[in-house]
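Below are my notes, in the order I looked things up.

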Number of protein chains: 2
Amino acid sequence: MPASRRDAASADGSFASGRPALDQFPFDRWARLVARHARQTLPGFGDYQHPAGHAALRAAIAAHIGVARGVRCTADQIIVTAGAQGAFDLVVRTLLNPGEPAWLENPGYFGAWGALVVADARVMPIPVDEQGLDVAAGRRRSSNARLAVTTPSHQFPTGVTMSLGRRLALLDWARQADSWILEDDYDSEFRFSGRPLEALQSLDQANRVIYVGSFSKVLFPTLRLGYLVAPPALVGPLLATRRYIDGYVPLLEQMALADFIREGHLARHVRRMRKLYHERRDCLCFELQAQLGDLLDVHVPEAGMQLVGWLPVGLDDQQAAGLAARAGVKVAPISQFALEPLPRGGLLFGFAGTDVTELQRSVRALADALRKL
Amino acid sequence: MPASRRDAASADGSFASGRPALDQFPFDRWARLVARHARQTLPGFGDYQHPAGHAALRAAIAAHIGVARGVRCTADQIIVTAGAQGAFDLVVRTLLNPGEPAWLENPGYFGAWGALVVADARVMPIPVDEQGLDVAAGRRRSSNARLAVTTPSHQFPTGVTMSLGRRLALLDWARQADSWILEDDYDSEFRFSGRPLEALQSLDQANRVIYVGSFSKVLFPTLRLGYLVAPPALVGPLLATRRYIDGYVPLLEQMALADFIREGHLARHVRRMRKLYHERRDCLCFELQAQLGDLLDVHVPEAGMQLVGWLPVGLDDQQAAGLAARAGVKVAPISQFALEPLPRGGLLFGFAGTDVTELQRSVRALADALRKL
């Protein structure tokens, strides 16, 4: 993941991943909430804030993720952060000394990779297969790693959901190795099929999991709000560090978001987007099958905002993405999320922020472009 | 500065330092600005943001500090951060390896101290005298330090303004040692007397100064917005690190603040507060002289939001602060900002956020309490 590959999630374009349907977000309601709090509540909260975040928001998040994700926690275990990235940075800096090893899924999320790199941790790429993170491979590679970073609900970028067996094996490893698991539950709100699957954190009997959530995808990215749920013994050390990183995040959005959750707007927006993204996923899968079925092996994800079309072994996904770009279609090659070579290449299709007409048009343009492969 | 001393700036009470006159801030205007941007502008800024911050805000800050502080920079040199703390953390992490030495004023600011400590830097306490940071002492103590953290406009907490000779000596040292200076210009907007003094950055011919500003005091602390101005060669390295710390800060406040500055509201608010804080400073000085003139040696600051009353040599400032607290008066002992013992103790009086009636009442209560010393 060299420097030039870091911008994938911020790239604009037809199949940008991680981008929600912004035209569907109720910005009018949001404007009323922030205006009300700026006028009425903010003047009464003058002082420097506690590094854990606004109490009302922490309570609202605890209630929400208890219901939505089966996360077992109290508000005292929640720390509000600058997006998921702020949580990654805080966890890595607090738990790892420079040079200590950490598992990272391969392919995996560049934001977590970056947090490990800037903290001088030793990144250990661990393969992902159809059951998710390969725990046995991790044990062979680095049994004494201090931390494992994983996306169990919907692996980034492959979309695989981690099997129960793997979840239990990962928890076993962490308990035995006295290590930590960072569960990045970045887009789990959008589950379309399969049985509802609770967070890995809900299975954790030994208090080894730090759960990380983000509002960038479920609301909008410029909100820049995320959170972590820490085992009780870690809350103190995390807060002591956090105080001297960024202190806290702005209060206004925290107050507005607490109301947005408590008044039911978040749950309502998630339900609407789940339906919309489901339609868009189905449309994209249908079009890819119809137009590119002979080239791409599409893994239909049960959840999330993007999917992978795998290329035949031997075909270069960077070349494919380059052909697409020249035809005006932006699609990320899976290899750009790889720390070590992958068995085969693929293309990552974000579909949440693109309407069906545009999805159809882009797939047709892509099919034309990839004929040259 | 052990853990129990870190909360000074967030302590509520009569003489809390760093707390502006919140009841004077135009929150109604702020509410209109955030509502307008949440409704009209935010929906069009959907994607993940550049780690330097919102372009319009960076341009507005560059123009403002050019006029107000003589800082010479372009918008490209500005990085918007999570308060001054976010800037300290970013600078320290980018420029220092673990174990490398950094100068910190003694007594000094606990936020900068914390940023150095959590980055495993080696903190070198350098004495402050009536001319500010003692550069010669710094050279003797650690001539090859990588960074010097300083508050030249209005030293925290003593209130001393750094002399021109010291400024030039500090810049000389940095150029010779190939080291960096972090200029924390935390409350310089409020200058009451003496000749207008530009930022240290304006004297820097060798691009060694990183200038840090905050809107916590000039607007309100829960806004959580600050910035740094980096020498051109440092902008790239700082942004590369920042991307993986917190990415960026929420966009809504950045857009509102850009308008607040451009439409002249910031300059107007600063003018009003300068007058108000001037009155409060004068009131506090008069009352301290009248009630406690035989005990406290008051340094009347030319700028800022707090002042120090020095105790006679041999009197314990923690004991004095304890007596005050028992009488319901919160005042911080200077020794809590010390990394090494100081020649004498003192009490830190924040006056910006307290009206004159309350200042008078608190000084009388304090005078009664300190009779027991």
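Started with Ser142(A): it is buried, because its relative accessible area is 6% and buried means under 20%, with exposed being over 50% and partly exposed in between (1.4 Å probe, protein chains only).

Before going on, I noted the ground rules. This is a predicted model, where local features need pLDDT of at least 70, side-chain atom pairs count only at pLDDT 80 or more, and totals for chains, interfaces and linings use all residues. Residues are numbered from 1 along each chain as its sequence is written, chains are lettered from A and ligands numbered from 1 in the order in which they are written, and side-chain values use heavy atoms, leaving out hydrogens and water.

**Ser142(A), continued.** I placed Ser142(A) in helix 5 of chain A, residues 135-142. Helices here are DSSP runs (H or I, at least four residues), strands likewise (E, at least two), numbered from the N terminus. Which residues does Ser142(A) contact, leaving aside neighbours within four places in sequence? I found Pro101(A), Trp103(A) and Met124(A), contact being heavy atoms within 4.5 Å.

**The prolines.** I checked the peptide bond from Asn106(A) to Pro107(A), and it is cis, omega near 0°. Pro107(A) sits in the loop between strand 2 (101-106) and helix 4 (110-118) of chain A. In chain B, the bond from Asn106(B) to Pro107(B) is cis too, with omega near 0°. I located Pro107(B) in the loop between strand 2 (101-106) and helix 4 (110-118) of chain B.

Asp120(A) isn't a glycine, yet I read a positive phi of about 60°. I find Asp120(A) in the loop between helix 4 and strand 3 (122-129) of chain A. Buried or partly exposed? Asp120(A) has 46% relative accessibility, so I put it down as partly exposed.

Over in chain B, phi of Asp120(B) is positive as well, near 60°. Asp120(B) belongs to the loop between helix 4 and strand 3 (122-129) of chain B, and at 44% relative accessibility I count it as partly exposed.

**A charged patch.** Last, I looked up a positive surface patch, made of Arg29(B), Arg32(B), Arg268(B), Arg271(B) and Arg274(B). Patch residues have over 30% relative accessible area and no salt bridge, and like charges are joined within 9 Å; a salt bridge is a side-chain nitrogen of Lys or Arg within 4 Å of a carboxyl oxygen of Asp or Glu. Helix 1 (27-41) and helix 9 (265-292) of chain B each give at least two residues, and helix 9 has the largest share, three. I traced Arg29(B) to helix 1 of chain B; Arg29(B) is partly exposed, at 31% relative accessibility.

Methods: Patches are made of residues with over 30% relative accessible area and no salt bridge: like charges are joined within 9 Å, nonpolar side chains (Val, Leu, Ile, Met, Phe, Trp, Tyr) within 5 Å. Accessible areas come from the Shrake-Rupley method with a 1.4 Å probe; for residues, only the protein chains shown count as cover. Lys and Arg count as positive and Asp and Glu as negative; His and the chain ends are not counted. The place of a charge is taken as NZ of Lys, CZ of Arg, CG of Asp or CD of Glu.
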